[in-house]
Amino acid sequence: MTQIVIFLLLIVVLFSLLVEGKVHYYDFLVREQNFTRLCETKSMLVVNDRFPGPQIRVHGGDKIYVNVQNEGSHGLTIHWHGIRQLRNPWSDGPEYITQCPIQPGTNFTYEVILSKEEGTVWWHAHSDWTRASVHGAIVILPAVGTTFPFPKPDEDEVIVIASWYKGDLQARVDEAMENDENLPHSDAYTINGQPGDLCPCSNEATYRRKVDYGKTYLLRIVNANIDADIFFAIAQHNFTVVGLDGAYIKPIDTTYILLSPGQTMDVLLEANQVLGHYYMAGRHFSSENVAVVDFDHANVTAILQYNGNYSHLTSPVFPSSLPMYYDFVASLKFINQIRSLAIPDYVINVPLDYEITTRMFITTSMNSLYCEDSSSGCETKQISASVNNISWVNPSTDILEAYYRNISGVYSADFPDNPPSFYNFTDESYSIDTVLTVQGRKVKVLNYNESVEIVFQGTNVLGGSVNHPMHLHGYSFYVVGYGFGIYDNVTDPKGFNLVDPPEVNTFAVPKNGWLAIRFTANNPGVWFWHCHMERHMTWGMEAAFIVKNGNTVETSIRQPPDYMPPCNIPLLDSTLKNLQEITKKKVEYR
């Protein structure tokens, strides 16, 4: 009898270990290294001397500790994009939102807690434009004892598409901000660190992936670009898309895909073509006006190379299915196919109409900031961006610390549920009230377990209407609808998808259109949300949620770690202006 009891206890212990998952430890050394691309050598900040950075590979339900040692020249933070970090905002990573920077010569250990994420997500710096070179993939395999909801692939392959900038990127950004100029566009894109054959001085280092005929490969694709939506295709090969943003979706058979900045995608590829060399290629999709040509036109390439003895053309085949820069129809055709898997093993829990307790209508706009200090040479305005006509400005201590320790003067809890005025959002004309924005640090406070609906409305203020890939930290959300023109709160909800809406963490507000999302606020903490185009975030298109604790320890923010990177404790920033003060000023426009 005693032996039986011991045996049963061992089974219980073993099962609990499987359920809890494994603990992984990684070390990230951040420092400058020289890299040569596009015929020039430059120094840039990377992790573990690699571009892109190291891959993290785990199973669902595991826990990860990452010790980040900063040997660079300025502070930075790391964000675990697509990981919810349940009750653990302390390790989410956005600079001045949940922590202050890890200063040069110091370190900080992140605790990354997985929950239901499965598929491909990623990590990246969340400080200024450092994420251009500080980023990498996170592969989350099915939890031990489970498998994929599709036939198991023979192998997988991570493909990171990123931006390449000549010279010192941060210096270029700082100069543009100081001179009130447009922020820099990339000079090329890269696939796994290389621009490919079609860029200068690049063909000898083009990334190659060797494959065996007859095998199926799971491509784990990360769009780590700073600002670019990317079309991606492989010559003469079809894709089956099975995952998006760390969640499975209904399979999409297609000859190309489209990824917004920050999105990740899991794609099955059958190596079933004639033995040879085939280009994988990416191309910028521009949602701007067709008259705007000031963007990176470089086609990034890598090579899919079949193993075997055969002769091949001097140049690989280029994908004829890759859409062109302004192919709006191709972009919409792909996006319209995205649906959650929504099967018993992968259920969805989209809040229904009667469950919604908070409704928000948020405009995303390009704007101007009035500058009062004429002695500095600024007499009219700065380029800016806003949500509900509020342009975010970082504090000098982080919002989470201020909230948790009840420090006043860091933020205000009055982010509005609606814009200050309603107007023809997509019209080409605009008035002083719509152009001028106010700087602020306003957050929206949500009660635990609230059901939230947000409609993001794109605007054409200053002719700046483009796609805005909105990213929410700490959550995934359901995309229940999107459309073009001005959102109609009577007719448009009738078309909402409440059956199998995509569950994502990043999705684009269409150019001159709207995006409707829903989520349940069941993760307490401070959670950033922002446009994932770095230029728009730099100009202020972001804000934050504070989700209050529930009534139990299990529904409350965890205790902070023993050490967090230190911050300064500021007084209330008297430079933040309100809209009424600004609109009294006489302002000239460009």
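Visitor: Is Cys 201 buried or exposed?
Guide: Keep in mind that we're looking at a predicted model. Exposed means over 50% relative accessible area. Cys 201 comes out at 61%, so it counts as exposed.

Visitor: Which residue does Cys 39 pair with in a disulfide?
Guide: Cys 39 sits in the loop between strand E1 (23-37) and strand E2 (40-47), and its partner is in the loop between strand E10 (188-191) and strand E11 (208-211), 162 residues apart. The sulfurs are 1.9 Å from each other, and the cut-off for a disulfide is within 2.5 Å. The partner is Cys 201.

Visitor: What handedness does the disulfide of Cys 39 and Cys 201 have?
Guide: Look at the torsion about the S-S bond, which is about 95°. That makes the disulfide right-handed.

Visitor: How many residues apart in sequence are Cys 100 and Cys 567?
Guide: These two form a disulfide, with sulfur atoms 1.9 Å apart. Cys 100 is in the loop between strand E5 (78-81) and strand E6 (107-113), while Cys 567 is in the loop between strand E32 (542-547) and helix H7 (579-583). So the pair ties together parts separated by 467 residues.

Visitor: Is Cys 100 buried or exposed?
Guide: Buried means under 20% relative accessible area. Cys 100 has 1%, so call it buried.

Visitor: Which cysteine sulfur is nearest to that of Cys 199?
Guide: Cys 199 is in no disulfide. Its nearest cysteine sulfur is 9.7 Å away, and it belongs to Cys 39.

Conventions:
Residues numbered from 1 in each chain as written. Predicted model: local features only at pLDDT ≥ 70, side-chain atom pairs only at ≥ 80, totals over all residues. Heavy atoms only, no water. Helix = DSSP H or I, 4+ residues; strand = E, 2+ residues; numbered from the N terminus. Buried < 20%, exposed > 50% of the residue type's maximum accessible area, 1.4 Å probe, protein only.
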